[in-house]
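The sequence and the model are shown first, and the description follows.

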Amino acid sequence: MTIFRKRKKIKLAKGNPINPDLAIQVDGLTKIYRLGSTKLRALDAVSFELQRGEFCAITGPSGSGKSTLLNMLAGLERASRGSIRVAGAELNKLSESQLVDFRRKHVGFIFQSFNLIPTMNCIENIALPLTFQGISRRQRTKVAKKLLKLVSLEKRARHKPSELSGGQQQRIGVARALAAKPEIIFADEPTGNLDSTTSREILRLIRSISKKYQQTVVMVTHDLDLAQYADKIFILVDGRITRILRGRPIEDNALEVVDNFDKQIDALGLDDLVIQQSLGTADSTASDDSELDVATSSNSPKESQ
């Protein structure tokens, strides 16, 4: 006879208890990996806030800490120091089992490689997250059909992933991320396996869903062109947010590749937003703060613009 131990439930507030409009609040977030006697600082005193319904893109050079930041926001990695509050939960204070429960109820994921189950059709793939919430098959199917219509793939309901194009598979991936009505959606290079035209279609879809359903989206991308579909663009360099730009969706051809990352940013002609980087919590071994291209807000110690 198998005995199941009742799992302790976690109570999560809707947004920040102080500011209910905040979906994500990060303060002094630092991540240090230890490789033998060597310390690798992947994130260095990162601080920012995101409102409900905001679409944020995190971009930067290879090795800048983009994926590490995304993983930590999703509760997949622990912080070395600093705090992360997502959907009202202080992630650092949750146990591993509570983090699993948190992700199941509050977070949706969109993957670069789609991660669809090859033996399941579109309806079944979309409904999969609801299975783990104990929702009936009838209700799961009903929700999945509505989401299929949302991503304009009603006629593909019984098709397997192998019968779909890359763009269609990612649309199913987007629908699956929405199935459990998450407050936050994390997208890791969601267009990395798609051509430029299909990539724009997917980004327009994600942006429209974010606005329509007031869902916060955090996307990691190496493509500055596609990052412009976001409301905010966080430029991450050496583990620090050095600039925050205001997004501006474009429909013209992709930008000409520029070797110098800073020149490529400037070529976009986007407006800089004020950065509030909580540098006071940084480790004493951090680099000189004066070298950062940061405009510090005089109104608040945290980044909110």
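Is Lys181 buried or exposed? Lys181 is exposed, with a relative accessible area of 70%; buried stands for under 20% relative accessible area, exposed for over 50%, and partly exposed for what lies in between, with a 1.4 Å probe and protein chains only.

The model is a predicted one, in which local features need pLDDT of at least 70 and side-chain atom pairs count only at pLDDT 80 or more, while totals for chains, interfaces and linings use all residues. Residues are numbered from 1 along each chain as its sequence is written, and side-chain values use heavy atoms, with hydrogens and water left out.

**The chain as a whole**

The protein chain holds eight helices and 11 strands; these are DSSP runs numbered from the N terminus, with helices (H or I) of at least four residues and strands (E) of at least two. Of its 305 residues, 50% count as buried. The chain exposes about 15,500 Å², of which carbon and sulfur atoms supply 49%; accessible areas come from the Shrake-Rupley method with a 1.4 Å probe, and for residues only the protein chains shown count as cover. Among contacts (heavy atoms within 4.5 Å) with a separation of 6 or more, 71% are between residues 24 or more positions apart.

**A positive patch**

Lys181 sits in the loop between α5 (166-178) and β7 (184-188). Together with Arg138, Lys142 and Lys146, Lys181 forms a positive surface patch. Patches consist of residues with over 30% relative accessible area and no salt bridge, like charges being joined within 9 Å and nonpolar side chains (Val, Leu, Ile, Met, Phe, Trp, Tyr) within 5 Å. Lys and Arg count as positive and Asp and Glu as negative, with His and the chain ends not counted. The place of a charge is taken as NZ of Lys, CZ of Arg, CG of Asp or CD of Glu.

**Buried positions in helices**

Gln170 belongs to helix α5 and is buried, with a relative accessible area of 0%. Apart from neighbours within four places in sequence, Gln170 is in contact with Ile110, Phe111, Gln112, Phe114, Pro190, Leu194 and Ile202.

Helix α1 (residues 66-73) is mostly covered, as six of its eight residues are buried. These are Lys66, Thr68, Leu69, Leu70, Met72 and Leu73. Thr68 counts as buried at 12% relative accessibility. Beyond neighbours within four places in sequence, Thr68 is in contact with Lys31, Tyr33, Ala42, Leu43 and Glu77. Just after α1, Gly75 takes a positive phi of about 75°.

**Loop residues**

Most residues other than glycine have a negative phi. Phe114 has a positive phi of about 75° although it is not a glycine. Phe114 is placed in the loop between β6 (107-110) and α3 (122-131), and at 10% relative accessibility it counts as buried. Ser152, also not a glycine, has a positive phi of about 60°. Ser152 is found in the loop between α4 (137-150) and α5 and is exposed, with a relative accessible area of 53%.

Pro118 has its place in the loop between β6 and α3 and counts as exposed at 59% relative accessibility. Leaving aside neighbours within four places in sequence, Pro118 is in contact with Lys160 and Pro161. The C-alpha atoms of Pro118 and Lys160 are separated by 6.4 Å, while the two residues are 42 residues apart along the chain.

**Salt bridges**

Side chains of opposite charge can pair when their charged atoms come close. The structure holds 10 salt bridges, each a side-chain nitrogen of Lys or Arg within 4 Å of a carboxyl oxygen of Asp or Glu.

| Salt bridge | N to O distance |
|---|---|
| Arg41 and Asp44 | 3.7 Å |
| Asp231 and Arg207 | 3.5 Å |
| Asp231 and Lys211 | 2.4 Å |

Salt bridges that share partners join Arg41, Asp44 and Arg240 into one network. Arg41 is partly exposed, with a relative accessible area of 22%, whereas Asp44 is buried at 4%.

Asp231 forms a salt bridge with Arg207, and the pair links distant parts of the chain, with Asp231 in the loop between α7 (224-227) and β9 (232-237) and Arg207 in helix α6 (residues 196-213), 24 residues apart. Asp231 counts as buried at 19% relative accessibility, while Arg207 is partly exposed, with a relative accessible area of 23%. Lys211 counts as partly exposed at 36% relative accessibility.
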